[in-house]
Amino acid sequence: MQLVFSDAQYWEDFLPLTFTRPVAEMRCGILTFSERWQKILENTDVSFFTENYLQEKFKNPENIESLFLVTNFLPTETITQQIKDLQLGEALVYEDELIAAKINMKGFSLNQIEKMTDIKEELIFFKKPTDLFNYNDKAIDFDFKLLTKGRISQELSSTNGFLGDKKDLFIEEGAQIEFSTINTKAGKIYIGKNAEVMEGCNLRGPIALCEESKFNLGAKIYGATTVGPHCKVGGEVNNIIIFGYSNKGHDGFVGNSVIGEWCNLGADTNSSNLKNNYANVKLWSYRTKHFEDTGLQFAGLIMGDHSKTAINTQLNTGTVIGVASNIFREGFPPNLIENFSWGGFKDDERFKLDKAYEVAEKVMARRKLPLTGDDKAILKHIFDNY
């Protein structure tokens, strides 16, 4: 059975994070939404129903019978079973929105649906970037149970200090942790395959350190924090998500934030997550083209892929940074930094596209990955249209 992961109405709400990916490829908890559903449904035959310019990289659905699924929620056991039990022409609806349907993608139309069932249970649904860090504790807990059920963790080295219940700590094969403090009293801690927690780190869960990632010497990590694969994180962080392949390797604070892939925060980059007047934080909405009240007192940085900050960069509370931006000028940049900004301020020139390719190629080569033609086409589309 083909799984078709749909962006539905949510793609625009997650910009700038979704400029370079479908909603299903965002990370929250330990896994991406796509990885989570593949694990839940025990099916890796995946395609995406997304923006046209992304479809060259992210596989188009085949014209066959499929499970059509909106991925950005955490299912209960009951909902999971309802999804598995769907018959052709049946669908599940939550808050008047279709979230799952068994349909034939040939001549795709919602008119194929003959029976709709309303879900009455309250679900943890991710509808905007701040939901990713706001509900990350719930997602880490969900994924921890999903990934570790029936498995045995590697032993924690005796050089470490530990607080909490050992069942709330899981260390994958090849991971290294020495001379650090691990506290699971506030939430579970997952250390991925071949990850490393260097000496002197202080971890207070819930935390997910994914495959091949590192917490650098003396890092202070507060939950709920997710560091995706192939990242380096140092300094102090609190309730952040890094999708993967990005570095915040040095001192400096980042809190209540989401950072995409292939980003780098220069030494002593600091991002405010609380306004001096303790008012609710506003964030730029690409859908409404206005700064919208998040309803949150704590909200820091939302950063698109391939963006960079220079040393000593200071970011205001509620800053949104687009794709392939470079922030290096003195002073606080504005709360909205556009795609391909060269400097970070409103009237700065744009980062030339060929130079953006050149930098991305060098950065990705360090992880032995190519910048493909599809990647270049996505960046060009963003450069030309946004």
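**A quick walk through the predicted model**

Okay, let's start with F340: skipping neighbours within four places in sequence, it is in contact (heavy atoms within 4.5 Å) with V323, A324, S325, E349, R350, F351, L353, A356, L379, I382 and F383. Before going on, a caution: this is a predicted model, so local features need pLDDT of at least 70 and side-chain atom pairs count only at pLDDT 80 or more, while totals for chains, interfaces and linings use all residues. Residues are numbered from 1 along each chain as its sequence is written, and side-chain values use heavy atoms, with hydrogens and water left out.

So where does F340 sit? It belongs to the largest nonpolar core, which has 66 residues, and along with I83, I99 and L132 it touches the most other members. By nonpolar core I mean buried Ala, Val, Leu, Ile, Met, Phe, Trp, Tyr and Cys residues joined through side-chain atoms within 4.5 Å. Buried is under 20% relative accessible area, with a 1.4 Å probe and protein chains only. Helix α5, residues 353-365, gives this core its largest share, 5 residues. A separate core has 32 residues, including I189, V197, L209 and L315.

Now α5 itself. Helices here are DSSP runs of H or I, at least four residues, and strands are runs of E, at least two, numbered from the N terminus. The buried residues of α5 are L353, A356, Y357, A360 and M364. They fall within an arc of 100° seen down the axis, taking directions from the axis to the C-beta atoms, so they line one face of the helix. Among what covers them is α6 (373-385).

Over to α2, residues 77-84: which residues are buried there? I79, T80 and I83 are. Their arc around the axis is only 100°, which puts them on the same side of α2. They pack against α1, β5, β6, β7 and β8.

Several of those strands turn up in an open sheet of 6 strands, ordered β4-β1-β5-β8-β7-β9, with mixed pairing; strands pair if DSSP finds at least two bridges between them. At the edges are β4 (46-49) and β9 (115-118), each pairing on one side only. Inside the sheet, β5 and β8 are antiparallel over 5 bridges, and S66 has I103 in β8 as its bridge partner.

L283 partners E292 in β29. Between the strands are 4 residues, and K289 takes a positive phi near 60°.

Notes:
Buried < 20%, exposed > 50% of the residue type's maximum accessible area, 1.4 Å probe, protein only.
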